[in-house]
Amino acid sequence: GGSELGEFSVAVDLATHGQRPCLHLRAVSRGTIDGNPCGTTVTAYLSAAMETLEQDLHEYVQLLGHKTERRSHIVQRDEMVMVDRISAVGKVVTRQSDSYNLSAVRGLLSEGASLLLMRVMALRRTVPENMTLPSLDPGPRLTRVTYRSLGVKQLAVGPETVEVFGVERAVEEVPALWHLASREQLGSPVTMRLLQLPPQLEKDAKNDKPPCVKRPLVWKEDMEMRSKFLDRKEELMADHASYLRQHPELRALLADFLQFLLLRKPDNVIHFTKEYFLPFSSR
């Protein structure tokens with residue numbers, strides 16, 4: 001119908017995962033379809049070879065009376081790919097964990113890796129012929145993802161007309177058409193389109209700064225800042241959860257301390273805590 005339903009954004013930065021240099025990708029989609037709020041957030045750590053070192057994916061649809069939610073976590077550890085899934089329909093929660101030998105799923109593409117790969121192919125304006133790679137569906141079942149070139153075409157972005165390269169991504173023969181400035185999926189009533197070109201950084205930027213008037217910051221009333229706050233909050237929660245999964249001994253240590261504390265019920269909790277953890281000191 002031509003009305004705006006939401007927004008979609010992707011950002012990629014240099015980062016480290018453990019001690020390993022990598023790329024950190026974050027993709028966020030939020031909107032309302034048929035009056036139902038929905039969204040998807042992908043946070044992924046990817047190697048330069050498009051390997052998924054770790055990824056968190058969160059999808060939700062708020063229906064009348066209940067919320068449908070799906071989360072998945074992928075992490076590469078000791079030549080294995082570990083996949084944890086949680087799906088919730090109202091109050092019914094289902095959990096599932098699977099593992100795959102890394103050699104058996106070589107070339108496996110996560111959602112984050114696919115977004116980055118299509119960006120690279122679009123920038124290079126080339127797609128290898130007969131390019132088919134394994135991926136995971138929500139099942140979990142290994143499925144096939146095929147890519148092919150759609151060539152170059154002219155596309156209006158705001159007041160300008162730009163030349164863009166298109167890539168078709170088909171998951172088990174269901175195609176989604178991507179250009180650098182738009183996205184369409186077969187059977188979906190939604191089209192994503194770039195409204196304006198991102199600003200180009202000038203090499204010789206002037207040092208002159210315009211006068212700045214300080215205004216009170218009420219971030220909770222600013223939709224953009226509140227959105228960024230919620231994105232950062234979700235990113236930190238996923239990062240903290242990942243750290244706890246990598247260090248299960250932390251939960252055991254804290255549980256032992258809390259149990260001992262409640263048994264003793266000391267008047268001076270700080271002194272008790274110091275004495276409890278003193279044996280762990282390297283000195």
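Which strands does helix 1 lie across? Keep that in mind while you look around.

**Before you click**

This is a predicted model, where local features need pLDDT of at least 70 and side-chain atom pairs count only at pLDDT 80 or more, while totals for chains, interfaces and linings use all residues. Residues are numbered from 1 along each chain as its sequence is written, and side-chain values use heavy atoms, with hydrogens and water left out.

**Stop 1: the whole chain**

Show the protein chain as a cartoon. You'll find four helices and 13 strands. Both are DSSP runs numbered from the N terminus: helices are H or I with at least four residues, strands are E with at least two. Of the 283 residues, 29% count as buried. Buried is under 20% relative accessible area, exposed is over 50%, and partly exposed is in between, using a 1.4 Å probe and protein chains only.

Now colour by pLDDT, the predictor's confidence in each residue from 0 to 100. The chain's mean is 82, and 86% of its residues reach 70 or more. Select residues 201-206: pLDDT is below 50 there, and beyond near neighbours in sequence this stretch has zero contacts in the model. A contact means heavy atoms within 4.5 Å. Where pLDDT is low, the predicted coordinates should not be read in detail.

**Stop 2**

Next, find the open sheet with strand order 1-2-3-4-5-6-7 and antiparallel pairing. Strand 1 (6-17) and strand 7 (92-101) are at the edges with a single partner strand each, so one side of each has no neighbour in the sheet. From one strand to the next, the twist averages 10 degrees. Two strands pair if DSSP finds at least two bridges between them.

Zoom in on strand 4 (residues 52-63) and strand 5 (residues 66-77), antiparallel and joined by 10 bridges. Pick out Leu 57, which stands opposite Ser 72 in strand 5, then Leu 63, which stands opposite His 66 in strand 5. The two strands make a hairpin with two residues between them, and Gly 65 in the turn has a positive phi of about 95 degrees.

Carry on along the sheet: 10 bridges also join strand 5 to strand 6, again antiparallel. Arg 71 has Ile 86 in strand 6 as its bridge partner. Here too is a hairpin with two residues between the strands, with Asp 78 in the turn. Asp 78 has a phi near 55 degrees, a positive value in a residue other than glycine. At 69% relative accessibility, Asp 78 is exposed.

**Stop 2: helix 1**

Back to the opening question. Helix 1 (residues 111-124) lies across strand 1, strand 2 (20-33), strand 3 (36-46) and strand 4, at about 80 degrees to strand 3. Axes are lines fitted to C-alpha atoms, for helices over the stretch in contact, and angles run from 0 to 180 degrees between N-to-C directions.

Select Ser 114 in helix 1. Is Ser 114 buried or exposed? With a relative accessible area of 1%, Ser 114 is buried. Leaving out residues up to four places away in sequence, Ser 114 touches Leu 109, Tyr 147 and Arg 169.

Then move to Asn 130, in the loop between helix 1 and strand 8 (131-136). Asn 130 is exposed at 75% relative accessible area, and has a positive phi of about 55 degrees although it is not a glycine.
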